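Hi,

Here is the structure I promised to pass on. Have a look at it first, and my notes on what turned up follow below.

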Amino acid sequence: MNEAKSIWMDGKLVPWKEANVHILTHTLHYGNGVFEGTRAYKTDKGMAIFRLQDHAKRLINSAKIVAIVPTYTQEEIAKAHIDVLKDNAFNGNVYLRGIIYLGYGVMGVYHKNAPVQTSVAAWEWGAYLGDEGLEKGIRVKTSSIVRNSTKSLFGKAKAVGNYLNSQMAKFEAIECGYEEALLLDENGMVAEGSGECFFIVRNGVLITPPSDSVLESITQDSIITIAQDLGIKVERRNITRDEVYIADEAFFVGTAAEVTPICELDARVIGSGRRGEITHKLQNAFFDVVYGRDEKFSHWLTYI
Ligand SMILES: Cc1ncc(COP(=O)(O)O)c(C=O)c1O
């Protein structure tokens, strides 16, 4: 991993190698914690964090869902992202990982007496699903693992424990020779990727599932807004896996994955088998926005 100089931990910038936790950290044992993934892009006008306040707000909301009382406000968490970027002289695009977790002090499943701790780390991280994936598209497998049910877990929280579900799906996909997993919900409808939201294009219409059992994705919201601005019709409705097989285009979106085309699902070639026309258009528009080349969406950028 690309190590950086410092990590923000509960109000202090700590040297990277000293940013450690105790082995009896509560979150490490019982999986209750919440986190965020945010990106900062090196634009012509300097480093800019994409939709910083939305990410800080979702972190606070995630904590609320899993009954953790944050010790920092949304504003303070946003400022911590800025502080860590300022303290580290990055040369390229950066991924920021904010986390609210339960620290050392008590053991046992009941979590309310564990100390609440907050950290923001940042490091240089390129395309999550590879530069080639961004251009040529990736091969995806429908997962045998069903997305966490809303009957027992909370998909709208970006909670640490939810990612065991994602991790098992991703592991299965990679071991089977694919690059990413597509998870269905408990009704067999398309939910999301292990760390991405999902879109298809059919007859020029952009379709993406509702947020019923999935994360309320900031990139999905950005893509819907950008698509509408480009005059592309958008539908939010359920998608079945066989509809994906006959879609003209498909792609994943997420902070890490950005806009990654899907060329194959379960050994069925999607459309032309290459990055689709609308996917390409949206990908270009998205990169124009995050690199500050589109004034219309400059309010989504926080320059450092
Ligand atoms: C499970 C899951 N779904 C969707 C997303 C995409 O969300 P966002 O666009 O806010 O990064 C992510 C990544 O954060 C994720 O982990």
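Buried area, as used here, is the accessible area (1.4 Å probe) that two parts lose on being put together, summed over both. Please keep in mind that this is a predicted model: local features need pLDDT of at least 70, side-chain atom pairs count only at pLDDT 80 or more, and totals for chains, interfaces and linings use all residues. Residues are numbered from 1 along each chain as its sequence is written, and side-chain values use heavy atoms, with hydrogens and water left out.

First, the overall picture. The chain holds eight helices and 16 strands; these are DSSP runs, numbered from the N terminus, with helices being H or I of at least four residues and strands E of at least two. Along its principal axes, the C-alpha trace spans about 55 × 45 × 30 Å. The chain splits into domain 1 (6–124) and domain 2 (131–290), with bounds that come from an automatic or database domain assignment. Their centres, taken over C-alpha atoms, are 26 Å apart.

Now to the place where the domains meet. Here 21 residues of domain 1 contact 20 residues of domain 2, contact meaning heavy atoms within 4.5 Å. About 1,800 Å² is buried between domain 1 and domain 2, and carbon and sulfur atoms give 65% of that area. On the domain 1 side, Phe35, Phe50 and Arg58 lose the most area to domain 2, together 33% of what that side buries.

Two salt bridges are counted between domain 1 and domain 2. Arg51 pairs in a salt bridge with Asp221, their closest N and O atoms being 2.8 Å apart. Glu258 and Arg39 form another salt bridge, at 3.7 Å from N to O. Because Glu258 lies in strand β14 (residues 258–265) and Arg39 in strand β3, this pair ties together parts that are 219 residues apart in sequence.

Happy browsing, and do write back with any questions!

Best wishes

Methods:
A salt bridge is a side-chain nitrogen of Lys or Arg within 4 Å of a carboxyl oxygen of Asp or Glu.
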